[in-house]
Amino acid sequence: MYHRYVKIPFEHKKPNCFAHEPSQSEVIFVPKVDLDQTVIKWIESHDVIVSNVTEGIYTPPNNGKVHIHNDTSTLTNATKINFTWGPNNSTTRWWQVKDESLCKTDITDSSHIKENVEPDIVNHFDHNGEHSELICETEQDCDMVCEKVINQPSLINVGQLHSTYNPDPTQGRWSLCYFLLNKDYTHLQFEKALNIFKEVTYE
């Protein structure tokens, strides 16, 4: 229960802030001016909220990776809809750690978010305004449980450990990531997302 492709009746405009290609993996805040409001309205017509915590994630070419992590402070089934621009063979991978002691809590630098918006996700940041996630430092400490090519809009389970991989020799990959929330601004869990979007998702 990690991934589904989503049939969206609009093509999302590529954000202007994705015009550059960094030399290594990168996470940036995507401002509202770069978001496609037509697509957001369509998503929210399914009785969910698109968070104002909107990030772009870059995976470099030539076997580039984003490390194994999740997007919440504990293992959950939090959900994003991702839109990706890049090669047709880059993937997202999901993992299970072999021993929980091999998983570490990492306090992430969220300044790129908090400098732009007041984050609207309930309990995503602690009382000090910090966000933590789980990381696993080496793939050898984990078992891969799922791998999907990400070349079209996708529902992504980001509460579980995951990473990205880009084997293309020259073309980098940008992903625009929308957190999906319940009406009370808590994380929408993946099983509920599958039910909400069941008419427009496929494997």
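Lys65 lies in strand E4 (residues 64–69); strands here are DSSP runs of E with at least two residues, numbered from the N terminus. The model is predicted, so local features need pLDDT of at least 70 and side-chain atom pairs count only at pLDDT 80 or more, while totals for chains, interfaces and linings use all residues. Residues are numbered from 1 along each chain as its sequence is written, and side-chain values use heavy atoms, with hydrogens and water left out.

**Sheet**

- Strand E4 belongs to an open sheet of 6 strands in the order E7-E8-E4-E11-E6-E9, with antiparallel pairing (two strands pair if DSSP finds at least two bridges between them).
- Strands E7 (104–108) and E9 (142–149) are at the edges with a single partner strand each, so one side of each has no neighbour in the sheet.
- From one strand to the next, the twist averages 35° (axes are lines fitted to C-alpha atoms, and angles run from 0 to 180 degrees between N-to-C directions).
- Strand E6 (residues 91–97) pairs with strand E11 (residues 162–166) in the antiparallel sense over 4 bridges.
- Trp94 is opposite His162 in E11.

**Lys65**

- Lys65 counts as partly exposed because its relative accessibility is 39% (buried is under 20%, exposed over 50%, partly exposed in between, with a 1.4 Å probe and protein chains only).
- Leaving aside residues up to four places away in sequence, Lys65 touches Ser25, Thr59, Pro60, Arg93, Glu139, Thr164 and Tyr165 (contact means heavy atoms within 4.5 Å).
- The side chains of Lys65 and Glu139 make a polar contact at 3.0 Å (a pair of N or O atoms within 3.5 Å; within protein, one must be able to donate a hydrogen and the other to accept it, and residues adjacent in sequence count only if both atoms are side-chain atoms).
- Phe197 is 132 residues from Lys65 in sequence and 29 Å from Lys65 in space, C-alpha to C-alpha.
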